[in-house]
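This report describes a protein chain on the basis of its sequence and coordinates. Please consult both as they are shown here.

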Amino acid sequence: MTQTAQTRPSVVAEFLLQLGQAGVELAIDPGNDARLRYRPSDLGADLRQQLSDHKPHLLALLRGEALPDEHDSNTEAGYVLGERLGIAEDLGMPVHPGSPAWLVAVGEALLTMDPDRKDT
């Protein structure tokens with residue numbers, strides 16, 4: 001089975017980077033675990049559409065599913081995630097799941113997991 005462009009880790013990873021760099025915060029709605037909450041609420045039509053398109057992946061990541069182990073420095077993804085979260089924490093940034101720094105760290109870690117990634 002081959003991955004399509006829509007399911008490749010890099011597609012979700014790049015979207016996470018975009019959200020994190022824009023200062024967006026994501027969370028699972030405590031009253032409905034199938035609902036994704038975000039702030040700020042005025043994201044624009046393009047980002048809202050992408051949130052809808054990637055909602056299952058985003059909810060899974062927020063639940064900790066398919067997420068690299070940040071304590072596993074034996075894998076590139078685990079190392080990258082742990083390093084990025086540690087740097088953000090040292091800078092005093094919030095690193096809880098869904099925070100902008102977490103979105104960037106997870107996005108960078110997922111990029112390392114794309115089998116079609118080209119190192120430059």
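## Helix H2 and its surroundings

Gly64, which follows H2, has a positive phi near 90°. The model is predicted: local features need pLDDT of at least 70, side-chain atom pairs count only at pLDDT 80 or more, and totals for chains, interfaces and linings use all residues. Residues are numbered from 1 along each chain as its sequence is written, and side-chain values use heavy atoms, with hydrogens and water left out. Helices (H or I, at least four residues) and strands (E, at least two) are DSSP runs numbered from the N terminus.

H2 spans residues 45-62 and bends by about 70° at His54, with a proline, Pro56, following within four residues. The bend at a residue is the angle between axes fitted to the seven residues ending there and the seven starting there. Buried means under 20% relative accessible area, exposed over 50%, and partly exposed in between (1.4 Å probe, protein chains only).

## Thr112 after H4

Thr112 lies in the segment after H4. It counts as buried because its relative accessibility is 15%. Its side chain reaches the backbone oxygen of Ala109 at 2.5 Å, and a polar atom of that side chain lies 3.5 Å from the backbone nitrogen of Ala77. A polar contact is a pair of N or O atoms within 3.5 Å; within protein, one must be able to donate a hydrogen and the other to accept it, and residues adjacent in sequence count only if both atoms are side-chain atoms.

## Overall organisation

The protein chain contains 4 helices and 2 strands, in the order α-β-β-α-α-α from the N terminus. Of its 120 residues, 36% are buried. Among contacts (heavy atoms within 4.5 Å) between residues at least 6 apart in sequence, 61% join residues at least 24 apart.

## Confidence

The mean pLDDT (the predictor's confidence in each residue, from 0 to 100) of the protein chain is 88, and 88% of the residues score at least 70. Over residues 1-6 the pLDDT is below 50, and this stretch has 6 contacts in the model beyond near neighbours in sequence. Where pLDDT is low, the predicted coordinates should not be read in detail. Among the elements, S1 has the highest mean pLDDT (98) and H1 the lowest (92).
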